Amino acid sequence: MNRKQLLTVAMMAVLAVGLLATTACKSSGMAVTSRGQFLKINIEHPKDLPDQGEDNLDVVVSNRGVNNIKDIFVEVELPPQLVVLDQTNDRGVTVSRDPGSNMYRFTLGNVQPGESSRIRFKVRTAFGTMKETENVRVTAWQSDLPGDKLVETALIRLRT
C-alpha cells in the first residue's frame, strides 16, 4: 500500500469510529442519544431478604450527559412478593397509581446533567413458597431515547 491509500483507509476508520460514537445506543440500564443525553437507570436493592423482611428498594434515574433530559416517564412494576409499606420520591417527581395494582407511574420534569432523581419504596417480602421474587421491572420513556424505551430489571432472593 502506498502512503495515499494508507491515509485514506485511516481516515475512513476514524470516520467510522466517530459515526459509531455519535449514533444513539442502548445497553443495560443506560441509553445515549446523539444530543449528548445519557440516561441511566439503577435499581438499588438488597440481594436477599428473609421472609417478611423489610428494606428499601430505590430506583435512581440519572443524567450523566451534557444536556438536560426533560419529560421522562418511568413505570415501576413490582412483583406480588413485595408488599409496599411506603413510597417516597424526590422533589419534581409526580406519581400516579391505580389502586390495587403493583404498577407505579412517575413523571420527571427535568433531570439536569450530573443530577439524579430517587424513587424509594419501603417493601416487605412475602415469598410464600418461592425462593426469589419475580422481576422488579423499571421502564423509562423519553422522546429522544433510542428504541423508544429503556428497561432495567432486578430480583430479590430468599435469605436462608
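This report describes the fold of one protein, a sheet within the fold and a residue in a loop.

The structure is a predicted model. Read from the N terminus, the order of elements is α-β-β-β-β-β-β-β-β-β-β-β-β-β. Overall values for the protein are set out below.

| Property | Value |
|---|---|
| Buried share of the 160 residues | 33% |
| Share of contacts with a separation of 6 or more that join residues 24 or more positions apart | 70% |
| Accessible surface | about 9,500 Å² |
| Share of the accessible surface belonging to carbon and sulfur atoms | 52% |

**The five-stranded sheet**

Five strands form an open sheet in the order β8-β9-β6-β11-β12, and their pairing is antiparallel. At its edges lie β8 (93–97) and β12 (149–154), each of which pairs on one side only. From one strand to the next, the twist averages 20 degrees. In general, the strands of a sheet pair through backbone hydrogen bonds, in either a parallel or an antiparallel manner. Here β11 and β12 run antiparallel and are joined by six bridges. Thr139 has Val151, in β12, as its bridge partner.

**Thr133 in its loop**

Thr133 is placed in the loop between β10 (116–125) and β11 (136–141). The relative accessible area of Thr133 is 3%, and because buried means under 20%, Thr133 counts as buried. Leaving aside residues up to four places away in sequence, Thr133 touches Pro79, Gln81, Leu82, Phe127, Leu155 and Ile156.

Key. Residues numbered from 1 in each chain as written. Predicted model: local features only at pLDDT ≥ 70, side-chain atom pairs only at ≥ 80, totals over all residues. Heavy atoms only, no water. Helix = DSSP H or I, 4+ residues; strand = E, 2+ residues; numbered from the N terminus. Buried < 20%, exposed > 50% of the residue type's maximum accessible area, 1.4 Å probe, protein only. Contact = heavy atoms within 4.5 Å. Areas by Shrake-Rupley, 256 points an atom, 1.4 Å probe, with all protein chains shown as cover. Pairing = 2+ DSSP bridges. Axes fitted to C-alpha atoms, helices over the stretch in contact; angles between N-to-C directions.
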